[in-house]
Each structure stands twice: as structure tokens, then as C-alpha cells.
Amino acid sequence: MTQQTQDTELQLIATHTQNWVERMIMKYNICPFARREVERRSIRYAVIDESKMHNVLEALIKECQYLDEHPETETTLFIIPRGFEGFYPYLDLVDIANDLLIDQDYEGVYQLASFHPDYCFEGEPMDEPSNYTNRSPYPTLHIIREVSMELALANYNDPESIPERNIAFAQKKGSDFFEKILAGCMGKTSH
């Protein structure tokens, strides 16, 4: 694979993820805080071209350092297209990444939200529509500034209702609805 081909592929992965944010997360208000950042263009889409755990974790810390140095970037979607396609290895990565943030003195500075193509809430069947609120085109860690999240939550009426509202919306729409959106975000037609 040439460098140009590789760069094109990584850009396409970022575009698929941006499509998902705009066509699902923002459009259907899955995250009520997304619209502001999309409109401000303050979301960074970082595609990590690594598949080994230690390299991905090293890149994660570098991304936190990037955010430290670039306050105009509100948040990063840290996209990991290779190596963590399986949901359980991905969950292992999430656990280790959270521990690493603590070890690197980022506790209280950044927090991680997790998204995966096969996301499944604990105790739920795989085909439960509510899983789609956390299903993304690729395994993704959302690096969130804690101060910004606290401010957003303080200015939002009844933030505890967000997950319940999302679950009700997902169950009303059904899995096929979300499958079509995800396929469309990636330029595919769904079954």
C-alpha cells in the first residue's frame, strides 16, 4: 500500500465517522452536546493507524497531549479501525486506557466514552436497538474534557434523562433504522 493510498483510506475512515456524528448522533440528538461542537468544527477525528495495544495506548496519550496544547479543539474521536474489531478485546482496551489516564495524571482532566460497531450494553441481547446509541462505524474512544462536560451538564435540564430518552428512541425506531444510517455513513447500502 502506498503512502497516498494509506492516507486516503485513513481520511475515508475519518469521513465515515464524521458522517455518523452528523447523521445520527447530532441529527437524532443522541448526544445533546454534539451540535454545538459540530457547528464550531471543534471535533478532531484522529484515525490511529496502529493495531497493537501498546502502540494504541501510546497514541492515546499523545492525543491527550495534543488536546492539552490545543484548547480550541473541544474533543477528539480517537478512531481505531484495526486490531480491536472484536468487542471484548476492545473492552479490554477501554479498561486499560482508563487506567492509563489515571497513571498519566489525566484523571479529572479527560474521560473516555466508548463506541464500537458491535457495542452491547451489559445484560442486553446483541440485537437490542438501544445498543445502537453506542454503535459507531469503527471502534472509537471519545476523549472528553471533564471541565467542558461538567459545564454542559450543569446547563442542561435533567441530564439524567438523556440515556432513558435515547433508549426509548432506539426501541421506537428499531435496529433496521440504525443499520441503514450506519451503512449510509460508510457509503454502503444496507440489506
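Student: In which helix does Ser-175 lie?

Tutor: This is a predicted model, where local features need pLDDT of at least 70, side-chain atom pairs count only at pLDDT 80 or more, and totals for chains, interfaces and linings use all residues. Residues are numbered from 1 along each chain as its sequence is written, and side-chain values use heavy atoms, without hydrogens and water. Helices are DSSP runs of H or I with at least four residues, strands are E runs of at least two, and both are numbered from the N terminus. Ser-175 lies in helix H7.

Student: Which residues is Ser-175 in contact with, leaving aside neighbours within four places in sequence?

Tutor: Contact means heavy atoms within 4.5 Å. With those neighbours set aside, the partners of Ser-175 are Asp-127, Glu-128, Pro-129 and Tyr-132.

Student: How far apart in space are Ser-175 and Val-21, C-alpha to C-alpha?

Tutor: In sequence, 154 residues separate them. In space, the C-alpha to C-alpha separation of Ser-175 and Val-21 is 18 Å.

Student: Are H6 and H7 roughly parallel or roughly perpendicular?

Tutor: Axes are lines fitted to C-alpha atoms, for helices over the stretch in contact, and angles run from 0 to 180 degrees between N-to-C directions. The axes of H6 (residues 161-173) and H7 (residues 175-185) come within 6 Å and cross at roughly 95 degrees. Angles of 65 to 115 degrees count as roughly perpendicular, and those under 35 as roughly parallel. H6 and H7 are therefore roughly perpendicular.

Student: Which residues in H7 do Phe-169, Ala-170 and Lys-173 in H6 meet?

Tutor: Phe-169, Ala-170 and Lys-173 are the H6 side of this contact. On the H7 side are Ser-175, Phe-177 and Phe-178.

Technical notes. Angles under 35 degrees count as roughly parallel, over 145 as roughly antiparallel, 65 to 115 as roughly perpendicular and the rest as oblique.
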